[in-house]
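Thank you all for coming; I would like to walk you through one model this morning, going slowly from its pockets to its strands and then to a few single residues. Please keep the structure in view while I talk.

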Amino acid sequence: LHELAATERTGPGAGRPASPLAVRADREFFAGVKITADELIGVICDLCAQVRATARRPLTDSDVDSVLAEVGRLVDGLLDALPEHRRRTRRLGLSLSGDVDHTTGLVRYSPFLHWRHVPLGERAARLTGLTVTVENDVKALTAAEHWFGEGVGAESFALVTVGTGIGCGLVVNGRLVSGAYGVAGEIGHVVVDASGPDCHCGGRGCVES
């Protein structure tokens, strides 16, 4: 934190006036990579979530080893974009679609990548030397909107994404809702027509299909 120049008194009486504080945004940086079926999208952000550097790499192979190798190259390029990035970046966030165990970094199932039971957080940490957090991409987006975007000041809201799939993130009483199994808000796989088309999740007639 750093102290702003302006001072103000919060009430009458003697004593030192209150001084507002602000986050020193460039004190620490964070690397982030979104993994899609055909592309990696990477950023370096500061403590106020302002993007300082971006990079993209195409994915032609969804094999876990191939994707991790590309993630390593992408992160290295971002860290070398400016001298201070590598010195002040200790954490990497990875997001992707599917069923992700946020606490362990395990990707239980990612339909578009065809991954099952991949210890992504552990493997990415060994590869990059950074502390890694793995999260479902819609939940990561919901957290970002809650802290820095349209959800600032809202105690409860829902965020819905419509793209290759249909996703939903929930914030209730100021907290991101994961649910008992980490898949709360998965409205894309609510069945609306039991005789409808097959879905990649194994069901029939899901909203997404």
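Predicted model: local features only at pLDDT ≥ 70, side-chain atom pairs only at ≥ 80, totals over all residues.

Which elements each supply at least two residues of the lining of the second largest pocket? They are β3, β8, α4, β11 (157-162) and β12 (166-172). Residues are numbered from 1 along each chain as its sequence is written, and side-chain values use heavy atoms, with hydrogens and water left out.

A word on terms before we continue. Helices (H or I, at least four residues) and strands (E, at least two) are DSSP runs, numbered from the N terminus. A pocket, on a 1 Å grid over the protein atoms alone, is an open set of points where a 1.4 Å probe fits, with protein on both sides within 12 Å along at least five of seven lines, and lining residues have an atom within 4 Å of a point.

To stay with the second largest pocket, it holds about 700 Å³ of space, a volume being the space filled by probe spheres set on the grid points, which are joined across faces, edges and corners. It is lined by 32 residues, and the closest to its centre are Ser97, Gly98, Phe112, Asp137 and Gly165. Helix α4 gives the most to this lining, with four residues. By class, the lining divides into 14 nonpolar, 12 polar and six charged residues, where Ala, Val, Leu, Ile, Met, Phe, Trp, Tyr, Cys and Pro count as nonpolar, Asp, Glu, Lys and Arg as charged, and the others, Gly among them, as polar.

Turning to the largest pocket, its volume is about 1,400 Å³. Of its 36 lining residues, the closest to its centre are Gly93, Ala140, Ala143, Ala144 and Phe148. Two or more lining residues come from each of β3 (29-35), β4 (39-45), β6 (89-96), β10 (131-136), α4 (137-148) and β13 (175-176). Here too α4 gives the most, with nine residues, and the lining as a whole has 19 nonpolar, 10 polar and seven charged residues.

Within α4 I would point you to Thr142. Is Thr142 buried or exposed? With a relative accessibility of 0%, Thr142 counts as buried, the term meaning under 20% relative accessible area, with exposed meaning over 50% and partly exposed in between (1.4 Å probe, protein chains only). A polar atom of the Thr142 side chain lies 2.8 Å from the backbone oxygen of Val138.

Now to the strands, where two of them pair if DSSP finds at least two bridges between them. Strand β3 is mostly covered, as five of its seven residues are buried. It runs parallel to β6, to which seven bridges join it, and Ala31 stands opposite Leu92 in β6. With β4, β3 runs antiparallel, over six bridges, and there Phe30 stands opposite Cys45. β3 and β4 form a hairpin that has three residues between them.

There is also an open sheet of three strands, in the order β7-β8-β9, with antiparallel pairing. Its edge strands, each pairing on one side only, are β7 (99-101) and β9 (115-118). Strand β8 (residues 106-110) is joined to β9 by three bridges, and the bridge partner of Ser110 in β9 is Trp115.

Finally, the loops and the whole. Gly163, in the loop between β11 and β12, is exposed, with a relative accessible area of 57%, and its C-alpha atom is 46 Å from that of Ser19, 144 residues away along the chain. Ala5 sits in the loop between β1 (2-3) and β2 (21-22) and counts as exposed at 80% relative accessibility. From Ala5 to Phe112 is 107 residues in sequence and 51 Å in space, C-alpha to C-alpha. Overall, the protein has four helices and 13 strands, its C-alpha trace spans about 75 × 40 × 25 Å along its principal axes, and buried residues make up 35% of its 209 residues.

Methods
Polar contact = N/O pair within 3.5 Å; in protein donor to acceptor, adjacent residues only side chain to side chain.
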